[in-house]
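Open the model in a viewer and keep the sequence panel in view. The stops below say what to select next and what is there.

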Amino acid sequence: RAQVQQDQFCSPFAQGMTQRNAGKAAVKAFSARDYERPGLKQDEIEEIKEAFDLFDTDQSGEIDLKELKAAMSSLGYESKNETIFTMLSELDKDGNASLDFGEFLELMAGKEGKEDKETKEEVNKVFALFDIDHKGHMTVRDVARVARELGERLSMEELTEIVRRACSDEASLEIYPEDFYTVMTKKTFP
């Protein structure tokens with residue numbers, strides 16, 4: 001009944017769009033922040049999203065077999081359906097015969113979830129070497145100790161600058177495990 005009342009005030013085009021999309025779930029507005037991860041910047045995620053949208057020609061939020069085949073063809077690859085289907089099934093993590101943006105992002109970022117977990121564990125082991133007092137964070141003093149142990153001769157100003165650039169809260173000058181992980185997996189250092 002509410003739909004009928006609403007349709008009385010909609011243009012024929014809007015009514016058609018409403019009927020056409022009635023079976024589809026509402027598409028959430030894209031936010032690169034939702035997909036942010038260490039080593040991958042928001043602008044890189046947005047670029048990958050633009051590529052995803054080019055392949056997702058029906059704007060369903062997923063790349064299906066037909067769209068993947070069209071994309072491969074436009075890139076100059078002549079492939080049979082079975083080849084594309086095999087490729088899609090290998091990339092499709094949830095088994096729904098299509099790639100959502102999360103799956104596409106993993107493919108384009110070149111990282112599998114398992115590798116990320118292993119990397120995080122390895123970085124946490126290195127963090128523990130700095131945080132020998134088990135405070136849950138490292139300070140300029142911890143970085144100075146490790147630098148001395150490695151034979152690096154750095155001034156307190158240089159050490160403070162290293163910590164300042166690595167920590168998320170410059171006022172505290174404390175590097176937390178997440179900050180350390182971000183720094184260790186970054187492609188560039190500010």
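## Stop 1: a linked set of charges

Select K135 and D133: their side chains meet in a salt bridge, with N to O at 3.9 Å. A salt bridge here is a side-chain nitrogen of Lys or Arg within 4 Å of a carboxyl oxygen of Asp or Glu. K135 is partly exposed at 35% relative accessible area, while D133 counts as exposed at 54%. Buried means under 20% relative accessible area, exposed over 50%, and partly exposed in between (1.4 Å probe, protein chains only).

Some ground rules before going on. This is a predicted model, in which local features need pLDDT of at least 70 and side-chain atom pairs count only at pLDDT 80 or more, while totals for chains, interfaces and linings use all residues. Residues are numbered from 1 along each chain as its sequence is written, and side-chain values use heavy atoms, with hydrogens and water left out.

## Stop 2: the whole chain

Switch to a cartoon view. The chain has 10 helices and two strands, in the order α-α-α-β-α-α-β-α-α-α-α-α along the sequence. Helices (H or I, at least four residues) and strands (E, at least two) are DSSP runs, numbered from the N terminus.

Now show the surface. The chain exposes about 13,300 Å², of which carbon and sulfur atoms supply 53%; the areas come from the Shrake-Rupley method with a 1.4 Å probe, and for residues only the protein chains shown count as cover. Of the 190 residues, 24% count as buried. Among contacts with a separation of 6 or more, 47% are between residues 24 or more positions apart, where contact means heavy atoms within 4.5 Å.

## Stop 3: two salt bridges inside helices

The whole structure holds nine salt bridges. Select helix α3 (residues 42-55), where K49 and D53 lie four residues apart, about one turn of the helix. Their side chains meet in a salt bridge at 2.8 Å, N to O. K49 is buried, with a relative accessible area of 16%, and D53 is partly exposed at 37%.

Go on to helix α8 (residues 140-149) and pick R145 and E149. R145 and E149 are four residues apart in helix α8, so about one helical turn separates them. R145 is buried at 16% relative accessible area, whereas E149 is exposed at 57%.

## Stop 4: the nonpolar cores

Beyond its neighbours within four places in sequence, V143 is in contact with F130, M138, L159 and V163. A nonpolar core is a set of buried Ala, Val, Leu, Ile, Met, Phe, Trp, Tyr and Cys residues joined through side-chain atoms within 4.5 Å. The largest one has 16 residues, of which F130, M138, V143, L159, V163, I175 and F180 touch the most other members. Two or more residues each come from α7 (113-130), α8, α9 (156-166) and α10 (177-185). Helix α8 gives the largest share, five residues. A second, separate core has 13 residues, including A32, L40, M72 and L99.

## Stop 5: T185 in helix α10

Select T185, which lies in helix α10. T185 is buried, at 16% relative accessible area. A polar atom of its side chain lies 2.8 Å from the backbone oxygen of Y181. Leaving aside neighbours within four places in sequence, T185 is in contact with P38, G39 and T119.

## Stop 6: the aromatic rings

Finish with Phe, Tyr and Trp. The structure holds eight aromatic pairs; rings (for Trp, its six-membered ring) pair if their centres lie within 6.5 Å, and planes under 30 degrees apart count as stacked, over 60 as edge-to-face and the rest as tilted. F30 and F101 form an edge-to-face pair, 5.4 Å centre to centre with 85 degrees between the planes. The pair links distant parts of the chain, 71 residues apart: F30 is in the loop between α2 (12-20) and α3, and F101 is in helix α6 (residues 101-109). F30 is partly exposed at 33% relative accessible area, while F101 is buried at 5%.

Notes. A polar contact is a pair of N or O atoms within 3.5 Å; within protein, one must be able to donate a hydrogen and the other to accept it, and residues adjacent in sequence count only if both atoms are side-chain atoms.
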